[in-house]
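Please look over the structure below before reading on.

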Amino acid sequence: MSKPDNIRGHSGGVSRRHVLGASAAGMAFAATRVYANPAGDAPTTPDKAITELQDWSQALGDGVDAKPYGVPSKYEAGVVRRNVEWLTASPQSSVNFTPLHDLEGIITPNGLCFERHHGGVAEINPAKFRFMINGLVEKPMVFTIDDLKRFPRENRIFFLECAANSGMEWRGAQLNGCQFTHGMIHNVMYTGVSLKRVLEEAGLKTNAKWVMPEGGDSAAMNRSIPLFKALDDCMLAYAMNGEALRPEQGYPLRLVVPGWEGNMWVKWIRRIEVGDMPWHAREETSKYTDLMENGNARRFTWEMDAKSVITNPSPQAPIKHKKGFTVLSGVAWSGRGKVSRVDVTIDGGKNWHTARLDGPSFDKSMHRFYYEFDWNGEPLLLQSRAIDSTGYVQPTKDELRQVRGYNSIYHNNAIQTWHVKANGEVENVEIS
């Protein structure tokens, strides 16, 4: 196992001299050696990608209207959501996974946001869509989408994570890829209206303490949400990443419950009932509770704790360059605020290094982190550990099991381990 002594620079950083060189000539040489040809060997034959004229430069390409709605390059055809067929009885009540290992930055493209349905995708005509507020309100109200768009608009970036994300890993390493171990999450910008504004329009009665959102799909998904959360940062969203919600993401309207488990973010929302106590609906009794080792179940465990995962290298993104300068990348998030720090280890926890956070930092949003080092070609045990703005530290699996036992499915925010082999291949393992 490589030691920190063998890594140049501090905190995992490679020295500026090593990367850029000491002069213009050294800079050109370093760029060639480190990035293009880490082994430092001079090419012995001409590179035909440079010396030969390529097909795409010899003919006109498609015009501006060839694809009225843009799509990725055909060479990126493998960057897609994927499911696990044996996970559920039918695709209408199943999940597919965001390809985290293929993404950069913190924003998830709309077409790659994971799906979780309980009755399949509802295709709703917005002209016939209505949203109602009833129960303990002074004035029950019904809104169209156009009515809601007349409220002051807000734009907020949040992560949405299914409570069962990483759930299959609770009893040990199972699935070989961060798309499958951690891919029930996405991070987007929502556009909509504050739920507080809409509830205040209807007028809350003094004994109001809870709200129950209900979906308009065939599953009629409903959950109990305490009023304090509804009045804090919840939104009714009709757009994400600058365009209308897609059908699989709740078109034409969905609830946004920042930092809390994804099952509460009711899609195709058609109604909110205001009450004085929780409803104990199907999805908060038979599911979305945490079975403890003694047989009792925790309920109302809404918040998603701080979590992180290294996306590259990972089983679906092996190291291909053999030895040399290596960029490790990952994402971290917390349902309680911002991620203030991420630590990374390449030797299974013997030595930890502070990763470099890069890009925007928002409450209850993903954060991108990097750690650069010189890989000597020996096997690695990669882990990342997130610390959020409340001081909470992401636990190991052993630490989580000491409190929760082995019976749980939901809220597994334990540290993930990847074993990098000498040939660059990566495997999901468990060491702590």
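Predicted model: local features only at pLDDT ≥ 70, side-chain atom pairs only at ≥ 80, totals over all residues.

The UniProt annotation "domain: Moybdenum cofactor oxidoreductase dimerisation", from an unreviewed entry, covers residues 299-417. That span is 7% helix and 39% strand. Its end C-alpha atoms lie 29 Å apart.

**Aromatic rings**

- A pair of aromatic rings is described by the distance of the centres and the angle of the planes.
- The count comes to 12 aromatic pairs, with ring centres required to lie within 6.5 Å.
- Phe228 and Trp260 form an edge-to-face pair, because their planes stand at 70 degrees, with the ring centres 6.2 Å apart.
- Phe228 sits in helix H7 (residues 227-230), while Trp260 sits in the loop between strand S11 (254-256) and strand S12 (269-275). The pair therefore ties together parts that are 32 residues apart in sequence.
- Is Phe228 buried or exposed? Phe228 counts as exposed, at 55% relative accessibility. The cut-off for exposed is over 50%.
- Trp260, in contrast, counts as buried, at 5% relative accessibility.
- Trp260 also pairs with Trp302. The ring centres are 4.8 Å apart and the planes stand at 10 degrees, so this pair is stacked.
- Trp302 lies in the loop between strand S14 (297-298) and S15.
- Trp302 counts as buried, at 13% relative accessibility.
- Which residues do ring pairs link into a cluster? They are Trp210, Phe228, Trp260, Phe300 and Trp302.

**An open sheet of 4 strands**

- The strand order is S15-S16-S20-S19, and the pairing is antiparallel.
- Strand S15 (307-312) and strand S19 (356-358) are the edge strands. Each of these two pairs on one side only.
- Neighbouring strands of this sheet are turned by 35 degrees against each other on average, direction ignored.
- How many bridges join S15 and S16? The antiparallel pairing of S15 with strand S16 (residues 324-333) runs over 5 bridges.
- Asn312 has Ser329 of S16 opposite it.

**Strand S3 and its partners**

- Strand S3 (residues 131-135) and strand S4 (residues 141-143) run antiparallel and are joined by 3 bridges.
- S3 and S4 make a hairpin, with 5 residues between them.
- Phe131 has Phe143, in S4, as its bridge partner.
- S3 also runs parallel to S12, joined by 4 bridges.
- Met132 stands opposite Arg271, a residue of S12.

**Helix H6**

- Helix H6 (residues 195-202) has Leu195, Val198, Leu199 and Ala202 buried.
- Why do they fall on the same side of H6? They cover an arc of only 95 degrees around the axis, and this puts them on the same side.
- Ser194 caps the N-terminal end of H6. A side-chain oxygen of Ser194 lies 3.2 Å from the backbone nitrogen of Lys196.

**Cis peptide bonds**

- Tyr251 and Pro252 are joined by a cis peptide bond, with omega near 10 degrees.
- Pro252 is in the loop between strand S10 (243-244) and S11.
- The peptide bond between Asn312 and Pro313 is also cis, with omega about -5 degrees.
- Pro313 is in the loop between S15 and S16.

- Asn241 is not a glycine, yet has a positive phi of about 55 degrees. Asn241 is placed in the loop between strand S9 (235-240) and S10.
- Asn241 is partly exposed, with a relative accessible area of 25%.
- Lys364 is not a glycine either, and has a positive phi of about 55 degrees. Lys364 belongs to the loop between S19 and strand S20 (367-375).
- Is Lys364 buried or exposed? Lys364 is buried, because its relative accessible area is 15% and the cut-off for buried is under 20%.

Key: Residues numbered from 1 in each chain as written. Heavy atoms only, no water. Pairing = 2+ DSSP bridges. Axes fitted to C-alpha atoms, helices over the stretch in contact; angles between N-to-C directions. Buried < 20%, exposed > 50% of the residue type's maximum accessible area, 1.4 Å probe, protein only. Arc of directions from axis to C-beta. Polar contact = N/O pair within 3.5 Å; in protein donor to acceptor, adjacent residues only side chain to side chain. UniProt positions renumbered as here; feature names shortened; annotations may be inferred. Phe/Tyr/Trp six-rings, centres within 6.5 Å; stacked < 30°, edge-to-face > 60°.
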